[in-house]
Amino acid sequence: MALSVFLLLSISICFLAFFQDLLLSVNAQSYNLTQNSVTPINYDLYHSSGNLMGEIRALVHRHPDKLTMETFKAANKGYGSEITVVTYGKEKEESNKRSKIRILLSFGQHGRELITTELALRILSILSEEKLLPSMDHASLDSVLDKLVIKVVPMENLNGRKVVEAGDLCERRNGRGVDLNRNWSVDWGKKEKDYDPYEENPGIAPFSEPESQIMRKLAISFEPHLWVNVHSGMEALFMPYDHKNTTPDGLPLKRMKSLLEEVNHLHCQERCMIGSGGGSVGYFAHGTATDFMYDVVGVPMAFTFEIYGDGTASSRDCFKMFNPTEPAAYNRVLSEWSATFFTIFKLVPHQLGAKASILKLEKLVSIDEYLDGYLMERRNRYGKKMEVLELGMQEIRTYFRLFLLSSVLLLFMFCSRISKSKCRPIVSAIPL
């Protein structure tokens with residue numbers, strides 16, 4: 001009896017060991033298969049970050065009559081970043097530029113979305129006339145562009161892009177793990193039930209990240225009439241809001257919706273999703289750039305565009321999910337969406353009306369935000385002379401805060417004295 005039990009146990013142990021080895025082998029093969037199925041970056045189609053920015057610098061150098069370029073740097077708690085801004089505008093005088101329609105476009109806010117930065121290069125190439133739009137008359141295009149000043153941020157998240165190029169193809173955050181499209185102040189930090197800290201880390205505070213600080217200053221100083229934040233992952237044309245299931249109402253809604261519907265008809269063949277980001281995607285996004293541009297900066301037309309997505313790609317195959325991998329699809333996306341933007345350049349002046357160029361900020365910004373924008377605008381105009389002015393403005397800011405603090409303290413002391421005088425008992429001068 002004992003021998004039978006011993007044999008049975010031995011057989012069972014051998015079977016379990018064999019089964020365990022089999023499972024390990026299957027898992028290893030599955031892992032290798034998954035690893036092999038991840039699509040790498042195709043550098044025959046795509047530029048590296050260094051090469052792309054190099055081409056843009058060369059493009060600006062060849063066309064100084066049309067394009068200018070500036071690089072802004074910022075740092076916070078040991079982490080630094082830089083953002084290059086390319087400006088298209090035929091008028092050199094700042095006063096003349098301020099009389100035109102101002103457009104601000106941002107690409108590459110998420111590192112893994114390489115196709116967006118390729119689109120930025122294509123748009124700049126068309127603006128410089130090194131590439132042409134087959135469907136648009138050259139004279140008509142010149143007439144449209146004469147009315148505009150366009151600032152292009154070709155790669156907002158350079159540090160995050162370098163992480164992707166180093167092998168982490170699913171990385172969307174910046175160089176220290178913060179999602180730049182969750183780091184703005186409108187409804188910042190709120191977390192939904194499906195919140196993913198890897199994907200949506202909002203940072204330790206609004207504008208904790210140098211990239212967001214630079215973009216905020218740029219927007220406040222430039223005061224754009226149109227903002228577009230360009231992403232990939234699907235095909236969509238979104239207006240505010242991202243953090244709730246509503247859109248603006250009244251005339252702003254009418255303007256934005258009319259423009260998006262025309263673009264959807266002309267270029268998306270009605271396939272692009274239209275609506276608020278929060279109401280269309282299926283989840284709310286808090287602390288986004290577009291909500292800040294509309295609510296705080298007061299941009300009349302603020303959008304987020306999604307220009308490509310492959311719904312058949314696995315969740316691990318991020319390059320394929322967010323970027324076309326075949327030459328035909330790559331060229332189609334760039335051709336269609338560059339044409340889309342030039343259609344928008346043509347439509348915006350009509351949508352905003354004759355008084356668009358004198359539109360002012362309708363929202364209140366803090367003294368810090370205003371001064372930051374003021375300094376950036378003057379630095380753009382006067383260059384190194386701004387260093388002295390910036391120091392002076394820092395002192396003004398400090399004195400302004402001290403003035404506010406002293407005013408509050410004086411008001412508190414004054415109210416305290418009044419309160420005490422009212423409570424003091426009345427003493428009769430007539431002896432009882």
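**Labels and the values behind them**

Modeller: Start with Phe412, which is found in helix 15 (residues 386-423). Keep in mind that this is a predicted model.

Colleague: Why is Phe412 called exposed?

Modeller: Its relative accessible area is 57%. Exposed means over 50%. So Phe412 counts as exposed.

Colleague: Now the rings. How many aromatic pairs does the structure hold?

Modeller: The structure holds 11.

Colleague: What makes the pair of Phe207 and Phe292 edge-to-face?

Modeller: Two values decide. The ring centres are 5.3 Å apart, and a pair needs centres within 6.5 Å. The planes stand at 75 degrees, and over 60 counts as edge-to-face. Therefore the pair is edge-to-face.

Colleague: Why is the pair of Phe305 and Trp337 called tilted?

Modeller: The centres are 6.1 Å apart, with 50 degrees between the planes. Stacked needs under 30 degrees and edge-to-face needs over 60, so the rest, including this pair, count as tilted.

Colleague: What does the pair of Phe305 and Trp337 tie together?

Modeller: Phe305 lies in strand 8 (residues 301-308) and Trp337 in helix 13 (residues 327-352). These parts are 32 residues apart in sequence, so the pair ties them together. Phe305 and Trp337 are both buried. They also belong to one aromatic cluster with Phe107, Phe303 and Phe341.

Colleague: How do you know that Arg216 lies over the face of Phe207?

Modeller: The distance to the ring centre is 4.4 Å, against a limit of 6 Å.

Colleague: On to charges. How many salt bridges does a search of the whole structure find?

Modeller: The search finds 13. Side chains of opposite charge can pair when their charged atoms come close.

Colleague: What makes Glu165 and Arg161 a salt bridge?

Modeller: Their closest N and O atoms are 3.0 Å apart. The cut-off is 4 Å. Both residues lie in helix 6 (residues 158-165), 4 residues apart, about one turn of the helix.

Colleague: Are Glu165 and Arg161 buried or exposed?

Modeller: Glu165 has a relative accessible area of 25%, so it is partly exposed. Arg161 has 2%, so it is buried. Buried means under 20%.

Colleague: How do you know that Arg172 and Asp179 meet in a salt bridge?

Modeller: The N to O distance is 2.5 Å, and the limit is 4 Å. Arg172 is at 9% relative accessibility, so it counts as buried. Asp179 is at 0%, so it counts as buried too.

Colleague: What ties Glu235 to Arg271?

Modeller: Their side chains meet in a salt bridge, at 2.9 Å from N to O. Glu235 lies in strand 6 (residues 234-239), and Arg271 in the loop between helix 9 (250-267) and strand 7 (273-276). The pair ties together parts that are 36 residues apart in sequence. Glu235 counts as partly exposed because its relative accessibility is 24%. Arg271 counts as partly exposed because its value is 36%.

Colleague: Which residues do salt bridges that share partners join into one network?

Modeller: Arg112, Arg172, Asp179, Arg182, Glu199 and Glu200.

Colleague: Where does UniProt place the feature "active site"?

Modeller: The unreviewed UniProt entry places it at Glu306. Glu306 is found in strand 8.

Colleague: Why is Glu306 called buried?

Modeller: Its relative accessible area is 13%. That is under 20%. So Glu306 is buried.

Colleague: And what makes Tyr241 buried?

Modeller: Tyr241 has a relative accessible area of 10%, so it is buried. Its place is in the loop between strand 6 and helix 9. Tyr241 and Asp295 are 54 residues apart in sequence and 9.3 Å apart in space, C-alpha to C-alpha.

Conventions:
Residues are numbered from 1 along each chain as its sequence is written. This is a predicted model: local features need pLDDT of at least 70, side-chain atom pairs count only at pLDDT 80 or more; totals for chains, interfaces and linings use all residues. Side-chain values use heavy atoms; hydrogens and water are left out. Rings of Phe, Tyr and Trp (its six-membered ring) pair if their centres lie within 6.5 Å; planes under 30 degrees apart count as stacked, over 60 as edge-to-face and the rest as tilted. Helices (H or I, at least four residues) and strands (E, at least two) are DSSP runs, numbered from the N terminus. Buried means under 20% relative accessible area, exposed over 50%, partly exposed in between (1.4 Å probe, protein chains only). A charge sits over a ring if NZ of Lys or CZ of Arg is within 6 Å of the ring centre and within 35 degrees of the ring normal. UniProt positions are given in the numbering used here, feature names are shortened, and annotations may be inferred rather than shown by experiment.
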